[in-house]
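Here is a short briefing on one structure. Keep the sequence and the 3D view open as you read.

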Amino acid sequence: MDHPFAITLDLGTSLVNHTGSWRTLRPEYVTRLPPCNDACPAGEDIQGWLAFAEAGDYEAAWRKLVENNPLPAVMGRVCYHPCENACNRKALDTAVGINSVERFLGDLAIEKGWRFDPPAAASGKRVLVVGAGPSGLSAAYHLARLGHRVTIREAGPMAGGMMRFGIPKYRLPREALDAEIQRIRDLGVEIVLNAKVERLADAMAEGGFDAAFLAVGAHLARRAYIPAGEAARVLDAVQVLRSMEGEEKPLLGRRVIVYGGGNTALDVARTARRLGAEDAVIVYRRTRERMPAHDFEVEEAIEEGVMMKWLSTIRSVEPGAVTVEKMRLDETGFPQPTGEVETLEADTVVLALGQDVDLSLLDGVPGLEVRDGVVQVGPDMMTGAPGVFAGGDMVPSERTVTVAVGHGKKAARRIDAWLRGESAPPARRHDIATADTLNTWYYGEAPKTLRPVLAMAARTSTFEEVVKGLDATNALYEARRCLSCGNCFECDNCYGVCPDNAVVKLGPGKGFAFNYDFCKGCGMCAAECPCGAIAMAPEEI
Amino acid sequence: MDEQHVATAPAEAVQKLRYYQKGTFTVGNRLVAEEERTVQASTHRSNALTCGHRACQGCGEALGARYAVDAAMRATGNNLIAVNATGCLEVFTTPYPETSWQLPWLHSLFGNAAAVATGVAAAMRVKGKPHVRVLAQGGDGGTTDIGFQCLSGMFERNDDVLYVCYDNEGYMNTGVQRSSATPPAARTATTPALGPEPGNVFGTGKSVPKIAVAHGIPYVATATVADLHDLERKVTKAMSIRGARYIQIDVPCPLGWGAPSQDTILLARLAVECGLYPIFEAEHGVVTHVRKIRRVTPVREYLKRQRRFAHLFRDGRDDPRLARLQAQCDANIREYGLVGPAGEDE
Ligand SMILES: Cc1cc2nc3c(=O)[nH]c(=O)nc-3n(C[C@H](O)[C@H](O)[C@H](O)COP(=O)(O)OP(=O)(O)OC[C@H]3O[C@@H](n4cnc5c(N)ncnc54)[C@H](O)[C@@H]3O)c2cc1C
Ligand SMILES: Cc1ncc(C[n+]2csc(CCOP(=O)(O)OP(=O)(O)O)c2C)c(N)n1
Ligand code: SF4
Ligand code: SF4
Ligand SMILES: [Mg+2]
């Protein structure tokens with residue numbers, strides 16, 4: 001007996017007491033899909049790349065980004081960023097400036113000369129891509145990274161599609177576009193210019209291709225019947241914007257009327273202002289709320305002095321003038337004529353009424369289904385013709401660069417599976433990390449950083465880029481505003497708040513584990529996890 | 001603060017934030033230097049109160065005790081002895097001969113922890129080990145009621161002890177009886193929700209932190225399990241001071257308060273945000289720091305989540321005494337200046 005006075009038993013430890021047996025609910029680490037990622041038409045892992053950016057590792061961030069989208073410098077300028085509309089941070093202050101950080105990474109990659117990781121082992125397969133717009137470029141990039149030999153045939157004299165022949169320079173400087181296209185070429189993608197595909201079947205046979213991805217866009221300007229006199233100058237928007245790329249700038253005159261309400265109409269009107277037009281007037285049948293153009297674009301155009309005539313149609317065009325009729329919306333929201341007319345002076349009328357797809361190259365391709373002027377594809381982006389896939393503006397979808405890039409990626413992955421004779425099972429999607437899964441108490445207040453904007457004088461006389469980028473310090477700030485929705489960011493909350501020390505910290509980058517011998521299932525870890533990365537599941541008792 | 005980034009951040013953001021990276025208020029933060037993270041974020045924390053203890057699921061007291069003792073051990077290089085009053089913390093950690101404590105630990109009686117701690121501190125001095133420090137701890141019953149005389153004596157003599165009171169607002173270990181720290185209107189076993197004014201009586205009870213301040217001792221603070229950074233800072237500061245020190249920590253009790261176990265931290269947070277539990281610091285009789293409310297919240301948001309206050313919302317109607325509780329919060333907000341821009345170190 002070597003116990004001290006009044007002590008009769010050896011000291012024991014509570015570790016023998018496995019309190020985990022009390023548990024009725026069991027915490028589990030989960031991953032939820034951040035709403036930004038879910039909303040990105042190109043399927044970017046936004047939260048994933050922001051996590052690298054916020055640690056200051058921009059190259060890793062860029063590499064993570066380009067796993068899904070090879071054009072960050074372009075995206076960071078022209079994407080309408082549906083990710084930001086979905087961002088959970090909106091409930092706290094303002095959405096994370098995802099698009100500005102993306103542009104920062106894209107520009108930095110160009111500045112630093114970062115190149116794509118080399119392709120996987122060659123598959124020996126050859127794929128033809130028709131059209132070097134965003135969809136074709138994206139598909140070619142992903143196919144090349146998967147080890148396939150890709151040739152893009154492009155009808156035009158330069159690659160880029162509508163990114164070059166539609167979107168004006170003041171929104172997308174060509175240096176950024178050129179650099180990102182060149183990087184895709186450097187991966188081994190062959191782009192043959194001035195090489196329009198007239199008949200797909202012939203092109204496939206000639207080149208011995210195993211599969212094809214079509215992304216010819218929508219380039220046929222839609223016309224409306226407008227009585228016009230002999231001398232009236234009526235142009236179409238695509239033609240005007242396209243000629244901006246050439247030596248001869250289009251002559252539009254001092255007073256330009258643009259007919260239409262989409263982004264193209266705005267781009268033409270803003271271009272006209274920059275070419276010296278004193279009046280650039282947009283005539284649109286419906287109201288501003290119903291305009292397909294985005295709000296910020298309308299804002300920017302109005303700031304630059306573009307004038308708007310809502311609820312108006314063009315009745316006729318005479319030399320030097322147009323006759324415009326006022327409209328009113330009926331109960332169904334459809335514009336109806338009122339008979340009230342006015343005359344506007346005009347040197348040029350530009351029609352921006354949308355574009356149709358030129359489907360002539362598809363003549364003789366069996367099994368193809370065309371409805372409403374666009375090619376029908378399955379969920380795997382394959383047309384009715386086996387081995388022929390399609391995406392971008394020529395298939396039913398929202399017509400944006402980002403959707404086009406997303407189609408390119410998806411098609412590339414399915415083409416890869418198809419060439420390997422596999423039917424890729426649809427990827428399992430995680431539950432969405434909705435705002436109610438977060439505990440936002442833990443995030444500090446931090447409003448969004450705004451991108452600097454070019455001074456007004458320069459905006460109406462030059463084609464210099466209007467919206468500027470972030471610098472390294474405010475890009476870091478912006479990246480750090482991300483809440484990491486649904487993805488553990490190793491904040492140590494669960495490790496800290498467990499009253500039973502039942503959370504094991506595994507070390508940097510390794511996350512945490514539960515020690516179920518002692519976890520009583522109180523649920524505090526799940527309640528206090530800021531980003532919703534812990535779920536409580538009923539225990540089998 | 002990270003100077004380089006401050007230079008270009010928007011002006012308002014610089015004012016409000018210490019680190020404007022996500023997770024500013026979390027236990028850890030992989031973006032800040034190791035030494036700026038909390039003790040609890042470290043895999044080297046002592047886990048003074050280790051697994052296998054028998055506290056209820058979600059016990060705020062178990063959590064608060066590990067937070068406080070781990071921080072005190074870090075601050076003293078593990079040269080720490082704990083003295084514990086009777087109560088849940090003693091019972092659930094140490095059913096003899098088993099214990100969860102990972103430091104020298106003594107239990108004597110319900111009401112004498114402060115006096116025993118005084119004795120341990122004296123012994124260390126006599127043995128020539130003044131670097132070995134003493135932490136006394138107990139529940140609100142053991143502190144504000146039965147242990148109060150010993151506590152006041154320890155304060156008055158300025159003995160070199162940090163006394164930590166884990167305030168769960170009642171005698172929980174013996175079945176949730178009222179203490180002098182039980183809030184008005186709360187139902188306990190001895191203040192049942194019966195009669196015209198159910199629950200604890202208004203106008204009773206006392207504030208021991210204020211009484212401690214009145215003793216003029218070197219350091220007094222209130223804290224909460226909902227703000228770990230603040231709690232650890234206060235314990236660390238207390239251990240840098242010699243003489244009598246008192247820290248009272250709000251530790252929600254799911255069982256006694258009638259709340260889901262996962263809400264413990266939420267309740268502690270709401271108690272602060274509504275103004276019912278003012279978080280402050282005082283040195284030598286003077287209040288020196290107040291933790292500002294971040295998102296002002298009506299007291300009903302705090303009360304309605306607890307069954308001990310359910311009678312205030314009976315039949316879908318608000319009891320008129322809710323207004324009295326709100327007035328108490330408003331008075332605290334005025335008295336301590338709980339609303340307004342945070343100070344430099346916030
Ligand atoms: C003025 C304007 C502004 C826009 N602004 C934006 C914007 O800011 N943001 C946004 O997201 N979207 C914008 N868009 C839409 C976006 O540009 C398109 O949705 C996108 O470019 C479609 O990509 P795509 O690859 O399908 O086709 P395209 O970009 O049209 O590319 C198709 C390519 O295929 C080539 N081609 C066609 N036929 C053949 C053939 N038979 N053989 C070989 N090559 C052929 C064409 O020459 C072209 O290069 C804008 C569009 C316009 C017109
Ligand atoms: C002198 C004495 N009276 C009564 C008791 C019974 N007793 C043990 S714990 C306790 C209540 C403890 O309440 P508190 O100090 O608030 O601690 P809690 O359990 O709430 O953490 C009581 C009354 C006792 N142990 N000794
Ligand atoms: S906070 Fe971050 S992860 Fe969440 S939606 Fe916004 S950008 Fe995505
Ligand atoms: S009764 Fe309350 S204080 Fe006691 S162990 Fe349970 S939760 Fe903790
Ligand atoms: Mg108590």
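Start with Asp416(A), which counts as buried at 11% relative accessibility. The model is predicted. This briefing covers selected salt bridges, then the ligand, then the overall build.

**Salt bridges**

- Asp416(A) has a charged partner: its side chain meets that of Arg420(A) in a salt bridge, 2.9 Å from N to O.
- Arg420(A) is partly exposed, with 43% relative accessibility. Asp416(A), at 11%, is buried, because its value is under the 20% cut-off.
- Lys520(A) and Asp500(A) form another salt bridge. Their closest N and O atoms are 2.7 Å apart.
- That pair links distant parts of the chain, 20 residues apart. Lys520(A) sits in the loop between strand E21 (511-514) and helix H18 (524-528) of chain A. Asp500(A) sits in the loop between helix H17 (493-497) and strand E20 (503-507) of chain A.
- Are Lys520(A) and Asp500(A) buried or exposed? Both residues are buried.
- In chain B, salt bridges with shared partners build one network. Its members are Asp230(B), Arg233(B), Lys234(B), Lys237(B), Glu281(B) and Glu283(B).
- Glu345(A) pairs with Arg255(A) in a salt bridge, and the closest N and O atoms are 2.5 Å apart.
- Glu345(A) counts as exposed at 52% relative accessibility, because exposed means over 50%. Arg255(A) is buried, at 17%.
- How many salt bridges does a search of the whole structure find? Over all chains, the search finds 60.

**Around ligand 1**

- Ligand 1 is surrounded by 32 residues. The closest are Val78(A), Glu154(A), Arg171(A), His219(A) and Asp393(A).
- What kinds of residue make up the shell around ligand 1? The shell divides into 14 nonpolar, eleven polar and seven charged residues.
- Helix H7 (134-145), helix H12 (263-274) and helix H14 (401-419) of chain A each give the shell at least two residues.
- Domain 3 (126-220 + 357-419) and domain 4 (227-355) of chain A each contribute at least three residues to the shell.
- A polar backbone atom of Ser135(A) is 3.0 Å from an oxygen atom of ligand 1.
- For Val197(A), a backbone N or O atom lies 2.9 Å from a nitrogen atom of the ligand 1 molecule.
- For Val401(A), a backbone N or O atom lies 2.8 Å from an oxygen atom of ligand 1.
- How much of ligand 1 does the protein cover? On its own, ligand 1 has 990 Å² of accessible area, and the protein covers 95% of that.

**Overall build**

- Chain A contains 18 helices and 22 strands.
- Chain A has 541 residues, and 56% of them count as buried.
- Along the principal axes, the C-alpha atoms of chain A fill a box of roughly 120 × 55 × 50 Å.
- Chain B is assigned domain 1 (1-37) and domain 2 (46-336).
- The centres of domain 1 and domain 2 of chain B, taken over C-alpha atoms, are separated by 30 Å.

Technical notes. Residues numbered from 1 in each chain as written. Chains lettered and ligands numbered in written order. Predicted model: local features only at pLDDT ≥ 70, side-chain atom pairs only at ≥ 80, totals over all residues. Heavy atoms only, no water. Salt bridge = Lys/Arg side-chain N within 4 Å of Asp/Glu carboxyl O. Buried < 20%, exposed > 50% of the residue type's maximum accessible area, 1.4 Å probe, protein only. Helix = DSSP H or I, 4+ residues; strand = E, 2+ residues; numbered from the N terminus. Near = heavy atom within 4 Å. Polar contact = N/O pair within 3.5 Å; in protein donor to acceptor, adjacent residues only side chain to side chain. Areas by Shrake-Rupley, 256 points an atom, 1.4 Å probe, with all protein chains shown as cover. Nonpolar A, V, L, I, M, F, W, Y, C, P; charged D, E, K, R; others polar. Domains from an automatic or database assignment.
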